Amino acid sequence: MTPDQIIFLLCAALIVSSALMVVTTRNLVHAALWLVAALFGVAILFGLLQAGFLALVQVVIYIGAIAVLFIFAVMLTRREMRDKGPQVNQNWGIGAVLALLTFGGLAYILSSWDGFSSTAKAIPLGTDSLMMLGKALVSPDAFVLPFEVASILLLAALVGAVFIASASKD
Amino acid sequence: MTFWNDPINFIAGWLRSVFTDWGLTDGPANVITSLIGIVVMILFAMLIAIALVWVERKVVARFQDRLGPNRIGPFGIFQPFADIVKLIIKEDITPAGADKAVFNMAPVMSLASVILIWAIVPLASKIYGVDINVGVLYLVAVGSFGTLSVIMAGWASNNKYALIGAFRMVATMISYEIPMVVALLIPTIIAGTMSVKGITEAQSNLWFVVLSPLGLLLFMISAIAELGRSPFDLNEAESEIVAGFHIEYTGMKFGLFYAGELLHAFTFGGFMAVLFFGGYGGFFGLEKLSAFTWLSNPFIELVVFLVKALIGYWIIMWVKYSMPRIRIDHMLTFNWKFLTPLAFVLLMVTALFDKILAPTQFYVLGMFFSNISLAWIVIEILRRISKRERIEHERNAEPVIQVAHP
């Protein structure tokens with residue numbers, strides 16, 4: 001096994017186990033912290049795939065902003081942060097079967113794709129993927145339209161949030 | 001390649017050859033050598049942290065007209081070791097009702113968030129951890145672990161003061177992250193790269209502080225806020241919430257928070273040097289003359305970087321020990337109504353002038369005066385606003401009744 005494979009296996013184990021802990025732990029703050037661990041594992045995966053920019057953006061947005069907001073909201077909601085009710089309802093059997101079927105179906109479809117078994121091509125030395133990404137986001141024959149649409153959506157959300165916050169004051 | 005020209009790669013190459021002589025193949029030999037390199041870098045950062053304890057205590061004493069530690073060793077330089085022994089032999093208390101795992105993890109994460117930054121600090125042209133093409137963003141990403149560790153410490157302590165301190169700290173960190181990111185984008189725009197080493201190399205002829213003095217000011221203010229140092233030390237306001245998020249920590253766990261804070265301040269001093277003062281280089285082209293080629297020796301560069309970082313650290317301490325604490329609503333108003341708009345305007349001005357003036361010979365003068373005039377406009381706007389508010393205030397104030405003297 002190469003070091004990359006060892007890191008991948010360790011980090012896959014981290015992601016799966018912390019994702020399981022997110023839904024099984026009864027303490028809400030612990031669930032949020034396990035979510036942070038799972039998201040960090042995904043960032044390591046991006047790093048392994050030579051996508052350093054995506055890895056860092058994953059950390060900045062999902063750990064630095066969203067997870068911190070989650071924990072804040074959880075801490076401010078209830079005094080007793082333990083969930084006492086049952087963790088599953090009577091549909092858990094059907095849910096498990098559906099999940100297994102989805103996993104099996106995806107695995108079956110992906111196994112017939114030729115990229116599944118071949119090794120990835122090495123990125124040629126001296127490629128600045130960050131520069132390429134930046135240029136693709138603003139060039140008219142690439143992704144400028146989706147990029148601008150997304151920014152208008154975010155701007156609208158921002159204006160809406162400001163409006164709601166200021167209207168409730170009166 | 002000799003030891004004097006490229007010490008780290010020389011030692012790494014030697015270690016690799018030793019491991020291959022022992023019968024290891026190239027793969028494991030590389031992995032073990034890299035691991036040793038990581039440990040050495042962490043040890044270097046931790047040794048600096050020990051020295052900083054002495055520097056901090058001595059400098060604060062001078063600011064407060066005291067002598068500071070002067071009993072153990074000459075000028076008290078062995079004081080940190082006595083401090084460490086004291087911290088280690090203290091009782092390790094976990095408060096009742098604390099969330100044990102999270103409580104114990106928080107100080108480790110706090111220190112780790114600082115040590116992780118050292119992976120990209122360019123100590124010299126040939127002494128650095130990694131040179132990634134998103135180095136500037138890495139600084140912000142790692143800072144978010146610091147935020148997380150503060151929340152964990154505040155929540156797990158089962159203490160109201162700790163929780164209030166954590167809330168304040170996180171409010172500061174989340175707000176001041178925005179001007180900080182924008183301030184980091186300014187050297188990125190001027191240098192045309194996000195790699196920290198690339199930014200340093202772009203300043204070999206001219207420091208960026210000349211091209212963007214306002215950018216330096218923005219970075220410094222937001223860095224001090226991110227550190228939670230005075231005037232932004234609401235998180236540990238002694239007179240209000242005792243010690244903030246680390247109130248319940250004893251012994252070496254408190255020591256980890258303390259060491260992390262000092263090292264963080266020093267690291268930000270280093271980044272002030274890297275982003276605006278030429279980092280390890282920036283000798284204005286002097287090193288290209290044949291008489292001064294020794295300036296690009298890695299050991300000289302290391303010393304230059306450490307001196308510049310210490311000057312930055314000293315400025316942060318100077319601010320800390322001279323400024324009173326800011327009120328929390330003022331802290332938020334200052335960020336959202338002043339610093340953030342200013343940062344965005346500065347970003348636009350920098351991007352615009354950088355593109356327009358780059359081919360002309362007025363580049364340096366144009367960038368400098370655009371910054372100065374922006375600062376002048378901002379001060380003028382602030383003066384008008386405060387004047388209007390003062391007139392308003394005087395009109396609404398109760399009239400002063402003149403008492404006739406007999």
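Modeller: Domain bounds, as used here, come from an automatic or database domain assignment, and on that basis chain B is divided into domain 1 (1–89) and domain 2 (98–396). This is a predicted model, in which local features need pLDDT of at least 70 and side-chain atom pairs count only at pLDDT 80 or more, while totals for chains, interfaces and linings use all residues. Residues are numbered from 1 along each chain as its sequence is written, and chains are lettered from A in the order in which they are written.

Colleague: How many residues of domain 1 of chain B are in contact with domain 2 of chain B?

Modeller: Two residues are in contact if their C-beta atoms, placed from the backbone, lie within 7 Å. By that rule, 18 residues of domain 1 of chain B are in contact with 17 residues of domain 2 of chain B. The largest share of that side of domain 1, 11 residues, comes from α2(B), where helices are DSSP runs (H or I, at least four residues) numbered from the N terminus.

Colleague: And which elements of chain B touch chain A?

Modeller: In chain B, α2 (26–63), α5 (135–156) and α6 (160–191) each supply at least two residues of the side that touches chain A, and the largest share, nine residues, comes from α5(B). Altogether, 18 residues of chain B are in contact with 17 residues of chain A.

Colleague: Which residues is Phe219(B) in contact with, leaving aside its neighbours within four places in sequence?

Modeller: With those neighbours left aside, Phe219(B) is in contact with Met180(B), Ala183(B), Leu184(B), Met272(B) and Leu275(B).
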